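I opened this notebook to keep a record of what I looked up in one chain.

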Amino acid sequence: QVQLVESGGGLVQAGGSLRLSCAASGLTFSHYFMVWFRQAPGKERLFVAAINRSGTSTLYADSVKGRFTTSRDNAKNTAYLQMNSLKPEDTAVYYCVADPSPYFRTNYDRTSVFDHWGQGTQVTVSL
């Protein structure tokens, strides 16, 4: 049974930093791209970042480029999302996804294609 558990969320002031973790079990972690999404209240779930299987290549949404960094430790079956220079508009529930696609998708809008999601972790950025 695949399990993804996000942690590291919390309340932070604008300009601050948080590091999210996504611990995976029940799958061969190194066989999956890891993808981060976020969902603000009343809004759709949006792509944030993705990392390839080996951790050598990453992809970011324009809204977080230069501020967020995703990484992974395949020995620990864990993916990370380092978030710096946080803004109030980054407030959302953040989710990680294990994506079996062997390459970065051209479009991450179709969230229904992903089978394995974490429960999410709340990030709140105050002024």
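The entries below follow the order in which I looked things up.

**Entry 1, ground rules.** I am working with a predicted model, in which local features need pLDDT of at least 70 and side-chain atom pairs count only at pLDDT 80 or more, while totals for chains, interfaces and linings use all residues. Residues are numbered from 1 along each chain as its sequence is written, and side-chain values use heavy atoms, with hydrogens and water left out.

I looked up the secondary structure and found 0 helices and 11 strands, where helices (H or I, at least four residues) and strands (E, at least two) are DSSP runs numbered from the N terminus. Read along the sequence, the pattern is β-β-β-β-β-β-β-β-β-β-β. The radius of gyration is 13 Å, close to the 14 Å that the globule rule gives for 127 residues, so the chain is as compact as a globular protein of that length; the radius is taken over C-alpha atoms, and the rule is 2.2 Å times the number of residues to the power 0.38. Along its principal axes, the C-alpha trace spans about 40 × 30 × 25 Å.

I then turned to contacts and surface. Of the contacts with a separation of 6 or more, 59% are between residues 24 or more positions apart, a contact being heavy atoms within 4.5 Å. The chain exposes about 6500 Å², of which carbon and sulfur atoms supply 47%; the areas come from the Shrake-Rupley method with a 1.4 Å probe, and for residues only the protein chains shown count as cover. I noted that 43% of the 127 residues count as buried, with buried meaning under 20% relative accessible area, exposed over 50% and partly exposed in between (1.4 Å probe, protein chains only).

Which residues does V97 contact, leaving aside its neighbours within four places in sequence? I found L4, F33, M34, V35, F37, F114, H116 and W117. V97 sits in strand β9 and is buried, with a relative accessible area of 0%. Its C-alpha atom is separated by 9.6 Å from that of T111, 14 residues apart along the chain.

Leaving aside neighbours within four places in sequence, Y108 is in contact with V35, F37, F47, A50, L59, D99 and F114. Y108 and A49 are 59 residues apart in sequence and 9.8 Å apart in space, C-alpha to C-alpha.

From C-alpha to C-alpha, D109 and S21 are 22 Å apart in space, and they are 88 residues apart in sequence.

D73 has its place in strand β7 and counts as partly exposed at 24% relative accessibility. Not counting residues up to four places away in sequence, D73 touches F29, T78 and Y80. D73 and S25 are 48 residues apart in sequence, with 13 Å between them in space, C-alpha to C-alpha.

I looked up N77, which has a positive phi of about 55 degrees although it is not a glycine. N77 is found in the loop between β7 (68–73) and β8 (78–83), and it counts as partly exposed at 27% relative accessibility. S85, in the loop between β8 and β9, also has a positive phi, near 50 degrees, and is a residue other than glycine. S85 is partly exposed, with a relative accessible area of 42%.

How much space lies in the largest pocket? I recorded about 190 Å³. Of the 13 residues that line this pocket, the closest to its centre are R38, A40, K43, L46 and E89. The elements that give two or more residues to the lining are β4 (33–39) and β5 (45–51).

For the terms, a pocket is, on a 1 Å grid over the protein atoms alone, an open set of points where a 1.4 Å probe fits, with protein on both sides within 12 Å along at least five of seven lines, and lining residues have an atom within 4 Å of a point. Grid points are joined across faces, edges and corners, and a volume is the space filled by probe spheres set on the points.
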